[in-house]
Structures are given as C-alpha cells and as structure tokens.
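Hi,

Here is the structure I promised to pass on. Have a look at it first, and my notes on what turned up follow below.

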Amino acid sequence: MDFTPTEEQAAARDLAARIFGDLSTHERLTDAGTGSDAELWKALCEAGLPAAVEDIGLLGLVLLLEEQGRTTAQVPFAASCVYGLLAVSAHGSADQRERLLPAIGDGTVVVTGALPEAAVRVGGSGELSGVVPVVPWLRDATHVLVADDGHGLWLVRTLDARCEPVELTAPWSAGRLTLDATPAERLGDRQGERLGERQGGPDADVAGRGAYDDVLATARTAFAGLQAGVCAGSVARAVDYTNTREQFGRPLATKQGVQLRAADAYMDTEAIRVTAYEAAWRRDEGLDYATHALTAAWWASEAGSRVVHAGQHLHGGMGADLDHPVHRHFLWGRQLDAYLGCGSEVLQELGALIVHGEGDA
C-alpha cells in the first residue's frame, strides 16, 4: 500500500486548501447560517475540482474533503461527488455518463443521496413513492440518488418531488424528501456488466445490490475523510488556543493533562485518516474494500466524537460559546458521527460481513 498522493492529487489538494482557506472564513460561515455558500461553490467548480475527482479517484476526493473539513466549508462537495460523479461514473449507463458527468463536474447539476434509507417503493411504470425524513444538502440539489426497498438505485429530479427544509445540528442545507408517484430513472443499464467485471458474474439482481453497496461504501469512505478534516481542524484550534491562553502565568499547553488530551485527539484523528486512505486506495485499485470502508466509518463515528468533544473541552469556557469557531467543528463532528450509521450500527454490520465471509477480512 502506498498512500502517497500522485502529482495530480497533490495539486488538487493544494488548490482546494487555498480556496477553502481564502473563502471559508468564520465571518462568511456566520453569514451563510444553515445554508450553503454559493460563491464558494462557484469558485470550486470554476477551479475544476469536482470534475477532477473522476481522474484523481476516491483517494483524491478524500484528500479534498479533508481540506473542506478543516474549515467546515458549507458546500455540497462531498455529496455531489459521491452520489453524483462517482456513482454515475461507476454505475451509470453510457447515456447517463454522457449527459450527467459534465454537468456534475461544472456544478450545474448537484446530486445528493438519500442513503442508506430504503423506504421508497417502485410503481409499475418506474415511478417512486415514499418519504425520506432527512436528506443532507437537499436544498442545494437538482437530483437525489434514492434506493428502493430492493436496493435498486434511482435518480430523482428535485423539481419533480416535494422538498421541505429541515434543520440539523450541522448546517448542511438539509430537507425532507416526499415522493408521490414521482418519475425517476434507474441508475445504470450497465450495472450487470460492471459488476460482472469485478465479481465474475452477470447476475443482474446481484449487480443491482452491488451498485448500492458500492455507493454506500464509497460514501462512508468519503465522509470519513471529511471527518478527518473536521477533527484536524478542531485539534489545530485547540492547540492554538492552549498555546496562547495563559493560566497562572503559564500557557495551558504546558499542563500535562492538556497535553495528554490533545495527544489522544491527534492519534484518533490519524486513525480516522489512515483508515479512510486505505479504503479509498483499495477502491481506486479495484480491490475489495467493503470491510475497510466499514472500518473507516467506525473510526469516523467513534473517534470523531471523542476528538470534537476534546477540542471543545480544551477551549474551557470559550468552548461553550455557540458563536466560537470550534463549536462548528463540534456540530459537524457529531452529525458525521451518526451519518450513514453510528459506530455501533457500523460495527454490527462489519461483524456480520466478516462472519458470513462476504467481506475482505
């Protein structure tokens, strides 16, 4: 395994770091409220970063999402790349790839995902019905990737559905999605072909489940990368604060208890990062990565929660200020803790996968 970024991945990461650092400031985040920053999203798309993900792969995306997480930038970058660009690229038909990928890359089409919810029913003519209570970034999206009760994947235009705003603890422009005989298109006429390449079989039913599993595992890996960035930003803020805040004439950072808490948070952050890198690298290399994605998701949930709590606690009384920048990391970290399955749920799924021999244990 070699997680060293390629020249293209490193260049994209550095560009993302510069754009997020320049535009995702505390003042702009405050002005955005719970919505997204349209100017920042436009800058990212004009720089070609969403489109670049098709070339730099999931590991490249994880590197970009780390930079987003450091600044808690409020844009649907992760969602549109995972549920849109990577999902369509891997499982879309030739027509869907030709029609959707350029638009997703330039930001005119924004895709979010209603996974792992599977409460949507399919009608006889391919229309969908059901309710998904919370879909992150729904207010920004032009399309939603939803799963039916048989784990088939469908793309729904938000204009054809009812979308109502919902507020989460993290400002992710979330909404409630209601489908009532809503028209949709199945993702990919070539699912059987693609899964046949990976598993050696053309079974169309297995292929449909494989596409769902792949997209969910990809999402878990990507959002683990986002969590690594959120945690790294929280730790960096805590280090800066404890090095400058003095108590009894000495910086807080000189106290052993503070050092140990910060060290634990740093190690937890590194565990999230390396497990996300490994899962992403394996997918890019065409290797089995089901258990690795679940491992990354577990670390993102369990360790992520510990890190953002530590970051807030190390700020002392300032950490209780809802307007302090570190509180935003706390909210994002807690939201990512539960998104796509909390630690105990992911651990149960991982155990079942290993016991039944379906994963790459």
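**Strands and sheets**

Let's start with a pair of residues: Glu-164 has Arg-176, in strand 7, as its bridge partner. Before going on, please keep in mind that this is a predicted model, where local features need pLDDT of at least 70, side-chain atom pairs count only at pLDDT 80 or more, and totals for chains, interfaces and linings use all residues. Residues are numbered from 1 along each chain as its sequence is written, and side-chain values use heavy atoms, with hydrogens and water left out.

Strands here are DSSP runs of E with at least two residues, helices are runs of H or I with at least four, and both are numbered from the N terminus. Two strands pair if DSSP finds at least two bridges between them. Strand 6 and strand 7 run antiparallel and are joined by four bridges. Strand 7 also pairs with strand 3 (residues 128-135), again in the antiparallel sense, over five bridges; there Val-131 stands opposite Thr-178. The whole open sheet has four strands in the order 2-3-7-6, with antiparallel pairing. Strand 2 and strand 6 are at its edges with a single partner strand each, so one side of each has no neighbour in the sheet.

Now for strand 4 (residues 143-147). Strand 4 runs parallel to strand 1, with three bridges between them, and Gly-113 has Leu-145 as its bridge partner in strand 4. With strand 5 (residues 153-157), strand 4 runs antiparallel over five bridges, and Val-146 stands opposite Trp-154. The hairpin of strand 4 and strand 5 has five residues between the strands, and His-151 takes a positive phi near 65 degrees in this hairpin.

Is strand 4 buried or exposed? Five of its five residues are buried (under 20% relative accessible area, with exposed being over 50% and partly exposed in between; 1.4 Å probe, protein chains only). Strand 4 is therefore largely enclosed by the rest of the structure. His-143, Leu-145 and Ala-147 point one way from the strand, while Val-144 and Val-146 point the other way.

Most residues other than glycine have a negative phi, and most peptide bonds are trans. Thr-72 has a positive phi, near 45 degrees, and lies in the loop between helix 4 (49-71) and helix 5 (77-91). Its relative accessibility is 2%, so Thr-72 counts as buried. Ser-173 has a positive phi of about 50 degrees and is found in the loop between strand 6 (162-165) and strand 7 (175-182). Ser-173 is buried too, with a relative accessible area of 2%. The peptide bond from Leu-115 to Pro-116 is cis, with omega near 0 degrees; Pro-116 is in the loop between strand 1 (111-113) and strand 2 (121-122).

**Nonpolar cores**

In soluble globular proteins, nonpolar side chains tend to be buried together. I looked for nonpolar cores, meaning sets of buried Ala, Val, Leu, Ile, Met, Phe, Trp, Tyr and Cys residues joined through side-chain atoms within 4.5 Å. The largest one has 78 residues, and those with the most contacts inside it are Leu-61, Phe-77, Tyr-83, Leu-153 and Phe-223. Helix 8 gives the most to this core, with 13 residues. Leaving aside neighbours within four places in sequence, Phe-223 is in contact (heavy atoms within 4.5 Å) with several residues, among them Ala-78, Tyr-83, Trp-137 and Leu-336. A second, separate core has 13 residues, including Val-120, Leu-128, Val-146 and Trp-154.

**The cavity**

A cavity here is a set of points, on a 1 Å grid over the protein atoms alone, where a 1.4 Å probe fits but cannot get out; lining residues have an atom within 4 Å of a point. Grid points are joined across faces, edges and corners, and a volume is the space filled by probe spheres set on the points.

How many cavities of 30 Å³ or more does a search of the whole structure find? The search finds one, and the largest cavity holds about 100 Å³ of space. It is lined by 13 residues, and the closest to its centre are Arg-220, Ala-297, Ala-300, Leu-336 and Tyr-339. Helix 8 (204-244), helix 10 (290-313) and helix 11 (325-338) are the elements that give two or more residues to the lining, and helix 8 has the largest share, four residues.

Cheers

Note on methods
On a 1 Å grid over the protein atoms alone, a cavity is a set of points where a 1.4 Å probe fits but cannot get out, and a pocket is an open set with protein on both sides within 12 Å along at least five of seven lines; lining residues have an atom within 4 Å of a point.
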